[in-house]
Amino acid sequence: MATHLNATPPPDAAPPSRGPATPGRTVNFKVRRCDGPGKPGRWETFAVTVERGSNVISCLQQIAANPVTVEGTRTTPVVWDSGCLEEVCGACTMVINGKVRQSCSCLIDNYAPGEGDTITLEPMQKFPVVRDLWVDRSRMFSALRRLKTWVPIDGTYSQGAGPKETPDDQEIRYKLSECMTCGCCVDACPQFLLEPDPARWETSFVGAHAVSLARLFNEHPTGRTLAPHRLEVLSGHGGINDCGNAQNCVKVCPKHIPLTESIGQIGRAVTVHQIKKIFFARPDPHAAAKGPG
Amino acid sequence: MTPDLSAAAPIQRPSLFERHYFLLRRLHSLTGIVPIGVFLIAHLTTNSAVAWGRFGLRGEFPDMGVRDGGVAYFWREVLWINQQVPHLILIEVVLWLSIAYHSVLGVYFAAQGRCNAHQYRYQDNWRYTLQRVSGYVGILFIFYHVATLRWGWTWLVPGGASWDHQRSASTLAAALRGGENFTAAGLAVSLFYFIGVSLLVFHFVNGLWTAAITWGITVSAGAQRQWGYICAALGTGLMLAAWASVIGFATLSPAQAARVEDTARGQPFKVGM
Ligand code: SF4
Ligand code: SF4
Ligand code: FES
């Protein structure tokens, strides 16, 4: 069972620790700044005194309290997004030392154990920057709407008790359900590119998280009723075929969700779905696209 | 976020490309294995006969050494393919069309991604990058290979050798070396062959590995790993065959190969044939 206060960095993200960290040392934060959408970016460096157990968010709070760069210039506070502060909401995701991860669970003692060490903070690369380290991840949620990753229970009458579940299925789905839509998987994916125009999200790659959540709800006894719709969308442009099997997603996912297995599973489901369409029935894809839910 | 229903966009029928996206993608995957991959295996088996053919001669030409025996075996194999295999031109056209389809769609699909292996230095990510690089180089290589040795664009061959299936070994060696002896341009061609064939072997076995995920044959991480071992073993074998072929012909003297061809044929060729 996974713990929710999961402070372990994703594999490969943290440099090997160089001995015990000294409390009260100064760490430099090199931050990629941007004043707003479409504005030019710039680098600013801040020196922060860190304590044992400090994380990136607590250091950003110190910078916000006294936004003065190492050159002594007073500047605006660095903007970032966060919510839970315990790695379950995904809002604080950013690129730290070149790799994407949550900043709330990023411990300074692992990343900068020595006096004067530098940590680089950049916004995620595949989403439009709102300001500084704060990005707009709407496209991820749009992909979930496109795939209807939910259990359809709305109706005019009671549908009674749900079907029985086996513990084995529950265990598989529990892991998949831990996805927090943080965006690490798509930020590291070479097939998922920055696309600020929402009009083009209908044909751009849905991303590993959406593929995995489609699997989660396709395997749910009631969520299954929308499976034909999901598989139809996943067959098309931006669906499962757009994955290039680089398998970065599974390596950077902070929840260790077996994303590449979900990709293989959905690949199989889509293959079967399309073969069934040829031999058994020919549902109109547009009717399916407007299906229940 | 509430959708704005007042100004519903007119429903557009998706383009032909979008409607048949699945079919186009899976056809791209399939053509890479059948016929292209299957042909690659057959082609490398034939060509590497220059290295192992002596042991397949079954007692014929007992005086020939490993080198000459390999040439004789290869020569006979090529003659058999060109004279006995039925519907050869049909097979070739299907192959060319498949390669053209796989190339055009491959370049288009590859253009939809941005390699980031310098940032996320995982082995799988390097594979992803190399799959694209090997595709691009492979297209150039196959075009050069087919244009010079099959379509007779001899102006692209150093020394101007023209490949002839009646004299398959000697003309191939001459095309690789730039003449009887190595020229600088010949060395460049041989090197291009070495790199091109190696990249194509990688492209094929890596494509075979990812195709199993795409089609949903290998789902679990364990299944993907084990299929990976099988692909790696196939790749090692094909790579050895590829290197044996290129090195075997690049180090072959065209004059000596021509003598072996005459012996194998039982009578010398007329001059200028
Ligand atoms: S699959 Fe993992 S990396 Fe991707 S959004 Fe979900 S939790 Fe984040
Ligand atoms: S396996 Fe697919 S989804 Fe995951 S990083 Fe690679 S291309 Fe992206
Ligand atoms: S603030 Fe919720 S994951 Fe970091």
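Visitor: How many salt bridges does the structure hold over all chains?

Guide: Bear in mind that this is a predicted model. Over all chains, the structure holds 18 salt bridges.

Visitor: How many of those run across the interface of chain A and chain B?

Guide: The rule finds two there. One of them joins the side chains of A:D242 and B:R25, at 3.8 Å from N to O.

Visitor: Which elements of chain A give two or more residues to the side that touches chain B?

Guide: Those elements are β4 (99–102), α8 (248–252) and α9 (259–279) of chain A. The largest share comes from α9(A), with 10 residues.

Visitor: And how do the residues on that side of chain A divide into nonpolar, polar and charged?

Guide: There are 11 nonpolar, 20 polar and eight charged residues on the side of chain A that touches chain B.

Visitor: How many residue pairs are in polar contact between the two chains?

Guide: The count between chain A and chain B is 20 residue pairs, with both residues at pLDDT 80 or more.

Visitor: What area do chain A and chain B bury between them?

Guide: About 3,000 Å², and 50% of it is on carbon and sulfur atoms. Three residues, A:H237, A:N241 and A:N245, supply 19% of the area that chain A buries against chain B, more than any other three. In residues, the contact takes 39 from chain A and 36 from chain B.

Visitor: Why give an area at all?

Guide: Because the size of an interface is often given as the accessible area lost when the parts come together.

Visitor: Change of topic. What is the secondary structure of chain B?

Guide: Chain B has 10 helices and zero strands. Along its principal axes, the C-alpha trace of chain B spans about 85 × 40 × 40 Å.

Visitor: What percentage of chain B counts as buried?

Guide: Of its 273 residues, 46% count as buried. Chain B exposes about 14,500 Å², and carbon and sulfur atoms supply 69% of that.

Visitor: How far apart in sequence are the residues that touch within chain B?

Guide: Take the contacts in chain B between residues at least 6 apart in sequence: 69% of them join residues at least 24 apart.

Visitor: Back to salt bridges. Which residue does B:R76 pair with?

Guide: B:R76 pairs with B:E60, and their closest N and O atoms are 2.6 Å apart. B:R76 is in helix α4 (residues 66–84) of chain B, while B:E60 is in the loop between α3 (49–52) and α4, 16 residues apart. B:R76 counts as partly exposed because its relative accessibility is 31%. B:E60 is also partly exposed, at 36%.

Visitor: What about B:R150 and B:E92, what joins their side chains?

Guide: Their side chains meet in a salt bridge at 2.5 Å, N to O. B:R150 lies in the loop between α6 (123–149) and α7 (168–177) and B:E92 in helix α5 (residues 88–110) of chain B, so the pair ties together parts 58 residues apart in sequence.

Visitor: Are those two buried or partly exposed?

Guide: B:R150 is partly exposed, at 38% relative accessibility. B:E92 has a relative accessible area of 15%, so B:E92 is buried.

Visitor: Which residues do salt bridges with shared partners join into one network?

Guide: That network holds A:R33, A:D35, A:R42, A:E44 and A:D132.

Technical notes. Residues numbered from 1 in each chain as written. Chains lettered and ligands numbered in written order. Predicted model: local features only at pLDDT ≥ 70, side-chain atom pairs only at ≥ 80, totals over all residues. Heavy atoms only, no water. Contact = heavy atoms within 4.5 Å. Buried area = accessible area lost by both parts, 1.4 Å probe. Salt bridge = Lys/Arg side-chain N within 4 Å of Asp/Glu carboxyl O. Polar contact = N/O pair within 3.5 Å; in protein donor to acceptor, adjacent residues only side chain to side chain. Helix = DSSP H or I, 4+ residues; strand = E, 2+ residues; numbered from the N terminus. Nonpolar A, V, L, I, M, F, W, Y, C, P; charged D, E, K, R; others polar. Buried < 20%, exposed > 50% of the residue type's maximum accessible area, 1.4 Å probe, protein only. Areas by Shrake-Rupley, 256 points an atom, 1.4 Å probe, with all protein chains shown as cover.
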